[in-house]
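Have the sequence and the 3D view open as you read.

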Amino acid sequence: MNETTDSDEKRASESTQIERIKGRTVCVVGLGYVGLPLAIEFDREGLDVVGYDVSEEKIAGFRNGTDPTQELSDKKIAESNIQFTVDSTPIERADYMLVGVPTPVDEMKNPNLEYVSSAGRTVGRHLKKGTTVVLESTVYPGATREVLVPAIEETSGLTAGEDFAYGYSPERMVPGDDEHGLRDVVKIVSGHDEEALDEIARLYEMIVEVGVHRAPEIEVAEAAKVAENVQRDLNIALMNELAVTCDALSIDTHDVLDAAGTKWNFHEEYGPGLVGGHCIPVDPFYIIYESERNGYSPKLMQQGREINEYMPRHVAELTLRGLNECGKVLQESTVLVLGLAYKQGVGDIRTSAVDGVIDRLQEYSVQVEGYDPHADDDAMAEEFDAKIRSELQFRDVDAVVVATPHEPFLELKYLQIFEAMAEKPLVVDVMGFLDSDEMETIGFDYRRV
């Protein structure tokens with residue numbers, strides 16, 4: 001009897017808390033691939049949402065019902081009731097402040113938290129007492145307390161933990177993966193105390209259907225985000241080092257992986273390839289930096305980064321060797337790179353590792369051209385300093401490098417490509433995406449990393 005009463009009271013309390021949150025205002029600071037989905041999902045739940053960004057061009061696009069970031073559909077933007085603004089004044093009505101700004105590394109591979117500091121000072125100038133501030137950006141363990149909170153206190157005159165609550169909840173978005181959106185991935189949440197943690201958990205439970213994981217400390221949540229991508233980085237690095245090793249031994253890497261994969265406990269998730277993106281090439285440096293500040297240099301993480309950063313050069317040299325062995329003169333050769341975005345199915349070229357392949361080929365005066373069905377042609381031409389083809393055609397091309405395996409490339413007609421390309425055509429398939437048997441039967445010099 002008592003258990004039933006307690007359960008009923010708990011459900012009633014939870015319902016009351018949800019209704020209380022629904023009557024409040026959420027402000028999202030930074031409307032990129034992290035912040036924009038948050039704003040959209042809270043808007044869908046009926047909350048009053050302010051979307052703040054310093055980019056006037058971006059905000060103008062949102063106000064016109066379009067998504068200049070290409071992270072979501074124009075329809076979702078047009079149908080939302082979000083107040084998109086470059087004016088920071090509306091921040092003052094926020095009950096929840098979610099900060100999702102970029103956290104890159106500098107030329108020395110040290111964390112650059114200028115955007116976090118700047119956002120903190122902006123938030124502080126308009127923060128009211130009782131607001132809960134949550135950082136979503138990837139940072140090193142301790143940065144929420146060391147960087148964001150002092151910046152807010154500096155301009156607000158308020159005391160963290162007394163006048164405003166704060167916590168950390170790392171983004172776990174997977175661009176181009178519709179099955180692992182914001183609602184479909186468990187959200188890690190943390191707070192400076194139990195009350196803040198509970199408040200933050202309740203907030204995110206409104207939009208994350210699979211629930212939240214309550215980390216015991218803010219630093220645990222910060223480290224967990226970095227650990228996710230360090231693990232991927234190291235696993236890919238192992239495959240990449242295996243690929244370089246197999247190449248030195250004149251063994252096909254994919255044949256090795258196919259054979260090894262017949263054992264029940266061999267992990268087949270990872271394979272060799274170029275590592276780009278907002279997270280994997282950056283996040284390891286955050287924990288490396290903070291670990292070294294505390295007296296330990298994590299060698300394995302550093303070596304994993306070195307291996308993955310070497311791969312563009314390896315792909316280029318594999319291509320150069322192939323051109324030579326096909327009897328081509330490098331200075332007279334044209335290489336067509338298919339896929340310039342950093343990942344299959346997306347058009348984001350800003351953090352692509354393909355530029356390293358192109359740069360290395362151009363060092364040998366090879367004419368490099370590119371094509372990507374998802375990316376903007378003008379943006380690619382500016383980013384890669386290479387001729388960009390608006391239509392896919394292979395006439396007189398000496399070699400094709402399949403760098404990013406977009407789905408449309410599966411529909412390529414191999415025989416037609418062979419007949420259009422120059423004599424003794426070379427294909428370098430970075431991830432082993434194409435049908436190697438068919439290509440070799442037709443007559444391509446087919447190579448994979």
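Predicted model: local features only at pLDDT ≥ 70, side-chain atom pairs only at ≥ 80, totals over all residues.

Strand E4 (residues 96–99) and E5 run parallel and are joined by 4 bridges. Within that pairing, Leu 98 has Val 134 of E5 as its bridge partner.

Residues are numbered from 1 along each chain as its sequence is written, and side-chain values use heavy atoms, with hydrogens and water left out.

**The mixed sheet**

E4 and E5 belong to an open sheet of 8 strands with mixed pairing, in the order E3-E2-E1-E4-E5-E6-E7-E8. E3 and strand E8 (212–214) stand at the edges with a single partner strand each, so one side of each has no neighbour in the sheet. From one strand to the next, the twist averages 25°.

E4 also pairs with strand E1 (residues 25–29), in the parallel sense and over 4 bridges; there, the bridge partner of Cys 27 is Met 97 in E4. Helix H5 packs on this sheet, touching E1, strand E2 (48–52), E4 and E5, and its direction makes about 160° with that of E4. Helix H7 (residues 194–205) packs on the sheet as well, touching E1, E4, E5, strand E6 (165–168), strand E7 (187–191) and E8, at about 155° to the direction of E7. Contact here means heavy atoms within 4.5 Å; axes are lines fitted to C-alpha atoms, for helices over the stretch in contact, with angles running from 0 to 180 degrees between N-to-C directions.

What about the two faces of E5? In a regular strand the side chains alternate between the two faces of the sheet. In strand E5 (residues 132–135) both faces are covered, with Thr 132 and Val 134 buried on one side and Val 133 and Leu 135 buried on the other. Buried means under 20% relative accessible area, exposed over 50%, and partly exposed in between (1.4 Å probe, protein chains only).

Phe 84 touches Leu 31, Leu 36, Gly 51, Ile 59, Phe 62, Arg 63 and Ile 77, leaving aside residues up to four places away in sequence.

**Two helices side by side**

How do H5 and H6 cross? The axes of helix H5 (residues 114–126) and helix H6 (residues 143–156) come within 7 Å and cross at roughly 35°. The residues in their contact include Val 116, Gly 120 and Val 123 of H5, and Leu 148, Ala 151 and Ile 152 of H6. By type, the contact divides into 6 nonpolar, 5 polar and 3 charged residues. (Ala, Val, Leu, Ile, Met, Phe, Trp, Tyr, Cys and Pro count as nonpolar, Asp, Glu, Lys and Arg as charged, and the others, Gly among them, as polar.)

**The parallel sheet**

The other sheet is open too: 6 strands in the order E11-E10-E9-E12-E13-E14, with parallel pairing. Strand E11 (387–388) and strand E14 (445–448) are the edges, each with a single partner strand, so one side of each is left without a neighbour in the sheet. E10 and E11 are joined by 2 bridges, and Glu 369 stands opposite Lys 387 in E11.

Leu 336 is in strand E9 (residues 334–338). Among the residues it touches are Glu 369, Tyr 371, Leu 392, Phe 394 and Val 401.

| Residue | Relative accessibility | Class |
|---|---|---|
| Leu 336 | 0% | buried |
| Phe 84 | 6% | buried |
| Cys 27 | 0% | buried |
| Cys 279 | 15% | buried |
| Lys 109 | 31% | partly exposed |
| Ser 365 | 45% | partly exposed |

Lys 109, in the loop between E4 and H5, has a positive phi of about 65° without being a glycine. Ser 365 sits in the loop between helix H12 (354–363) and strand E10 (367–371), and its phi is near 65°.

How many disulfides are there? A search of the whole structure finds 0, taking a disulfide as a pair of cysteine sulfur atoms within 2.5 Å.

Definitions and conventions: Pairing = 2+ DSSP bridges.
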